[in-house]
Amino acid sequence: MIQRKKFLQLLLEDGALAPRLRLLRFAGKMLVPSYRFKWPQLDWWKNEEFTHYLDRFGELRVLNTDRKWMVHQLLRLVSHLPGDTAECGVFRGATSYLICSANEESQAEDKTHHLFDSFEGLSEPGPADGVHWSKGDLKCGIEHVRKALSDFAKVRFHPGWIPDRFQDVDDRKFSFVHIDVDLAEPTRQSLAFFYPRMEPGGIIVCDDYGQSTSPGATQAVDRFLADKPEKMLMLPEGGGCLMVKTPTANAARLQQRITTC
Ligand SMILES: C[S@@+](CC[C@H](N)C(=O)[O-])C[C@H]1O[C@@H](n2cnc3c(N)ncnc32)[C@H](O)[C@@H]1O
């Protein structure tokens with residue numbers, strides 16, 4: 001039980017915070033002591049269009065809104081690039097909706113978005129994947145996703161177990177790829193397929209990177225990138241992001257060549 005002195009200290013600190021927020025933090029400290037609240041003065045929380053999008057996909061009831069906003073922002077960095085987009089692990093299509101919206105507004109013409117999912121949920125977790133997930137988790141039928149993305153014309157569905165349908169896009173280049181399959185093996189296979197097909201400056205996001213619920217996915221990314229110049233950034237609100245073939249990556253390659261000469 002928290003002591004009275006500590007209780008008073010918590011109530012009085014951060015004088016600028018509304019009393020209800022202080023109460024929330026106090027309750028949080030008691031229930032989940034390691035949980036870190038953040039300052040709520042964030043402009044994007046007040047973005048009505050984005051809030052409407054989150055609500056439409058039921059995302060306001062879950063805990064991933066920061067990661068959706070991050071994807072929304074990262075898509076701005078690639079809007080000028082040629083190349084298709086893809087999502088590996090689609091679930092109800094919430095992130096694919098963001099990607100399709102960005103593609104429609106993109107300065108680069110003819111961007112098609114490709115969706116890869118079993119539409120039968122997760123595959124069998126392997127030894128690296130820990131105990132959080134089970135086969136069949138996060139199942140969402142393809143018809144539900146087709147309906148959710150019906151506003152968009154340039155969308156292609158590739159239903160099946162990863163990597164079986166990757167051959168459908170063997171000859172395409174990509175500007176943005178979202179990998180979100182929770183498990184080691186399909187994460188590894190997705191990275192191995194898309195990494196060499198990225199446009200310079202293209203972005204790969206791995207939603208599961210650095211999440212303790214998906215240790216295998218993090219390990220798969222780290223192993224894949226061990227001999228590559230790019231780094232996966234572990235984002236503060238979860239997930240990771242990687243920009244492929246940037247000038248920084250070229251400089252790292254050059255440095256590698258110089259030191260091995
Ligand atoms: C966390 S959900 C994806 C969430 C989605 N990216 C979003 O932002 O809303 C994981 C998805 O990965 C799919 N999945 C997992 N393992 C797979 C595999 N081996 N092959 C194909 N799809 C897989 C599941 O069917 C599920 O739809």
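A residue is taken to be near a molecule or strand if its C-beta atom, placed from the backbone, lies within 6 Å of it. In this predicted model, local features require pLDDT of at least 70 and side-chain atom pairs count only at pLDDT 80 or more, whereas totals for chains, interfaces and linings use all residues. Numbering starts from 1 along each chain as its sequence is written.

Around the ligand there are 21 residues, of which Gly-89, Phe-91, Thr-95, Ser-123 and Asp-180 come nearest. The shell comprises 11 nonpolar, five polar and five charged residues (nonpolar: Ala, Val, Leu, Ile, Met, Phe, Trp, Tyr, Cys and Pro; charged: Asp, Glu, Lys and Arg; polar: the others, Gly among them).

Helices (H or I, at least four residues) and strands (E, at least two) are DSSP runs, numbered from the N terminus. Lys-68, Val-71 and Leu-75 of H4 are buried (20 or more other C-beta atoms within 10 Å of the residue's own; exposed, 12 or fewer; partly exposed, in between; C-beta atoms placed from the backbone). Seen down the axis of H4, the buried residues fall within an arc of 55° and so line one face of the helix, the arc being that of the directions from the helix axis to the C-beta atoms. Exposed Gln-73 and Arg-76 lie on the face of H4 turned away from its buried side.

Asp-66 is also found in H4 and counts as partly exposed because it has 17 C-beta neighbours inside 10 Å. The C-alpha atoms of Asp-66 and Gly-238 are separated by 8.3 Å, although the two residues are 172 apart along the chain.
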